[in-house]
Amino acid sequence: MNSAPTFMHFPPKGRPKRADTFDLQRIGFAAEQLAKWIADRTDVHIRVFRPPNYSGTIALALLVSLVGGLLYLRRNNLEFIYNKTGWAMVSLCIVFAMTSGQMWNHIRGPPYAHKNPHNGQVSYIHGSSQAQFVAESHIILVLNAAITMGMVLLNEAATSKGDVGKRRIICLVGLGLVVFFFSFLLSIFRSKYHGYPYSFLIK
């Protein structure tokens, strides 16, 4: 056993098969998935009743109210709608959230981190490529944002027409951001996909 808890089904005849062990790392902790697995193995059907969750409805109502109030206050000057920078920032936030695994967290409901009961050490990065922690998503989001910021600074240094010394500083800062945080991101990838041969600066 590599993790706890572990759910196992012992059939009345024969030895347990691989499917008789609930794959917690792949399927997750959801009660519905556990009930479905029990029904598949034993033909015992368990109905799961959950209290209604209004957080999504409340969040949507607040968002609509916020957007509506902003449009009402700026009804005489709606030029900000055509602001390319603003739309680019919104798009990047959505991309960062999706590429960091927020949707996977929403579906599977993993824990924020894992504390080792033996030595008390807290792990924020899951050791398997089949699972992740919520904190891991936040770390990946920050790393992707830092790499993107470095790329933006490199582009700014190459296309702007300002002072040469200032452009050189911007270029070095952008290059440093890309190199360091990409190395960090690649080291996390290597820690999850064991046997991956490539690394860069940070192992």
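Let's start at Asn 144, which sits in helix H6, residues 134–159. Helices here are DSSP runs of H or I, at least four residues, numbered from the N terminus. This is a predicted model: local features need pLDDT of at least 70, side-chain atom pairs count only at pLDDT 80 or more, and totals for chains, interfaces and linings use all residues. Residues are numbered from 1 along each chain as its sequence is written, and side-chain values use heavy atoms, leaving out hydrogens and water.

Is Asn 144 buried or exposed? Its relative accessible area is 17%, so Asn 144 is buried. Buried means under 20%, exposed over 50%, partly exposed in between, with a 1.4 Å probe and protein chains only. Beyond neighbours within four places in sequence, Asn 144 contacts Phe 96, Thr 99 and Leu 185. Contact means heavy atoms within 4.5 Å.

Next, helix H4, residues 84–99. Its 16 residues should span 22 Å at 1.5 Å a residue, and its end C-alpha atoms are 22 Å apart, which agrees. The expected span is 1.5 Å times one less than the number of residues. Just after H4, Gly 101 has a positive phi of about 95 degrees.

Now the aromatics. Rings of Phe, Tyr and Trp (its six-membered ring) pair if their centres lie within 6.5 Å; planes under 30 degrees apart are stacked, over 60 edge-to-face, the rest tilted. The count is three aromatic pairs. Phe 7 and Phe 22 have ring centres 5.9 Å apart and planes at 85 degrees, so this pair is edge-to-face. Phe 7 is partly exposed at 31%. Phe 22 is buried at 5%. Ring pairs link Phe 7, Phe 22 and Trp 37 into a cluster.

Key: Helices (H or I, at least four residues) and strands (E, at least two) are DSSP runs, numbered from the N terminus.
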